[in-house]
Amino acid sequence: MIKIYYTTDTHGVVLPINYATGKASPQGLLACSAEFLKEGNTLILDAGDTIQGSPFTKYMWENLDECVIAEVLNAAGYDYVTLGNHDFNYGYDALRKYVDTLTAKCIVANVADKTGELELYPYYIHEFADGTAVGIVGAVTDFVPVWEKPKHLENIEIQDAFTRLKSTLAQIKDRCDLTICLYHGGFECDIATGEVLSTTIENISYKICKELDFDILLTGHQHMPIEGVNLFGTFTMQLKHNAVDYGYIEVNGSTITSQVCTPATTDVEVPAKLQAIQDKINEWLDQPLGTFNQPIAAENKLTLALTGSLLANFCNQVQLDFTAADFSCTALGNNLIGFDKGVTIRDIVAAYQFPNTLKVLAVNYEILKQALERVAQYYTIANGVVEISSKFLKPKVSHYNYDFFSGLHYTIDITKPIGSRVTIDTPLDKNKFYTLCMSDYRATGTGEYGFYKDCKIVHEYSNDLQELIIEYIRHRKTVDIDSTQYFTIRQ
């Protein structure tokens with residue numbers, strides 16, 4: 001029997017702690033790996049997005065000369081990992097430090113290192129003592145170049161994931177008793193019905209199961225819990241993010257079974273080195289920054305999309321102050337976030353977790369109208385009740401593809417057909433270009449905002465937006481949040 005432990009999208013959550021609250025929580029690499037029992041025919045695997053996404057990783061890359069995350073994986077006994085799109089976020093040198101520190105082999109068939117310095121493998125055939133041969137092939141989503149800063153990929157070529165998986169599998173299939181694909185990408189179709197949910201190549205897990213012949217496909221990227229299922233003869237599963245769970249799989253002949261496991265305790269041994277780092281992180285996170293003139297309630301997503309978001313207004317307020325653009329937009333986000341009047345660095349880090357920077361684009365009336373019509377797709381009416389459209393819930397929950405605009409007043413009429421729901425109430429000259437500030441992520445056109453890709457970039461900034469928000473509050477001490485209602489919903 002072969003046993004497999006698998007994690008994905010751990011996003012630098014190492015200790016059993018919720019960074020938003022500062023309290024113990026049954027999650028993290030230490031809590032998960034404490035339950036790994038490595039004996040006999042056992043493999044420990046990770047499907048990427050490992051070195052970005054938490055205060056721990058931010059502190060590590062800004063203050064330490066070593067990749068502590070890799071050391072944690074080494075201590076846990078990981079055998080093979082693949083790369084996720086966020087593993088490129090800190091640039092080539094950080095990625096090299098991660099890979100060089102790992103004792104696990106980094107398996108990623110569709111990433112070519114032009115310098116030859118990264119020790120990457122398209123596949124690896126693992127032979128157990130009893131002679132059983134397991135072939136592991138890895139790949140990362142094709143969308144890495146869409147999102148990543150070009151300077152981070154100067155030495156990297158991202159190749160077509162499906163083509164590389166197909167050719168690599170053909171090389172090893174006849175040499176293995178079992179084949180495993182570690183794919184940092186999700187499902188483009190509903191796994192129960194086959195309904196097409198996305199037509200891009202960001203996620204191709206359904207296609208991999210249908211057209212290739214892996215025995216096991218372990219996926220990531222979407223943060224979408226999928227209990228183990230047999231899909232076109234391939235056993236596949238996916239986990240949540242932030243190391244709140246791990247997968248356990250048993251292969252006994254032709255029978256494959258699995259469990260999604262939640263760490264049972266927060267009472268795990270924390271090495272002195274990690275505790276020292278965590279103490280410094282807590283000291284930094286708990287620094288008071290300033291005071292808001294009013295608290296920000298943590299409302300549900302539909303309520304915010306119907307009545308407005310003070311948090312979005314505040315983020316746009318910061319972006320407009322920094323860039324002096326005509327208009328600004330910021331995403332709704334997936335997390336439920338609120339603030340008391342007193343604000344600490346921990347509050348900001350919990351609210352804005354990704355290392356986005358800002359871009360200012362030149363946009364005209366038509367571009368703004370297209371963007372707002374995309375926003376208006378968020379709403380649907382079922383039995384007379386306004387609901388969130390499935391486009392924002394499947395195959396992945398993606399509230400972050402809904403944008404709030406500031407500086408621009410508009411009306412969304414949900415009773416009208418998609419594509420003709422929006423009226424821009426602010427008088428605009430249809431022959432004039434305006435400046436619109438947004439995250440570098442949105443400026444790539446992702447989230448079905450493809451029209452942004454053809455817009456002229458007026459300014460782009462290297463400043464981390466999280467740091468801009470922190471400095472904005474720190475400088476002012478007391479912040480009056482823009483409470484303007486920029487949009488009206490008709491239903």
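What is the order of the strands in the open sheet of three strands? I looked this up and found β20-β18-β29, with mixed pairing. Strands here are DSSP E runs of at least two residues, and helices are H or I runs of at least four, both numbered from the N terminus. Two strands count as paired if DSSP finds at least two bridges between them.

I noted that the model is predicted, with pLDDT of at least 70 needed for local features and 80 or more for side-chain atom pairs, while totals for chains, interfaces and linings use all residues. Residues are numbered from 1 along each chain as its sequence is written, and side-chain values use heavy atoms, without hydrogens and water.

I then checked β18 (residues 288-292), which pairs with β29 in the parallel sense over two bridges. T291 has T478 in β29 as its bridge partner.

**Strand β12.** Is β12 mostly covered or mostly uncovered? I found that seven of the seven residues in β12 (residues 178-184) are buried, buried being under 20% relative accessible area with a 1.4 Å probe and protein chains only. L178, I180, L182 and H184 point one way, T179, C181 and Y183 point the other way, and all are buried.

I looked next at the partners of β12. Strand β10 (residues 133-140) pairs with β12 in the parallel sense over seven bridges, and V140 stands opposite H184. Strand β13 (residues 216-219) also runs parallel to β12, and four bridges join them. L182 has L218 in β13 as its bridge partner.

I also recorded that β12, helix α7 (residues 205-211) and β13 form a right-handed β-α-β unit. Right-handed means that, with the strands pointing away from the viewer, the path from the first strand over the helix to the second runs clockwise.

**Second largest pocket.** I read its volume as about 220 Å³. Its lining has 13 residues, and the closest to the centre are L30, V72, A75, A76 and P271. A pocket is an open set of points on a 1 Å grid over the protein atoms alone where a 1.4 Å probe fits, with protein on both sides within 12 Å along at least five of seven lines; lining residues have an atom within 4 Å of a point.

Which element gives the largest share of the lining? I found α3, with five residues.

Terms used: Buried means under 20% relative accessible area, exposed over 50%, partly exposed in between (1.4 Å probe, protein chains only). Grid points are joined across faces, edges and corners, and a volume is the space filled by probe spheres set on the points.
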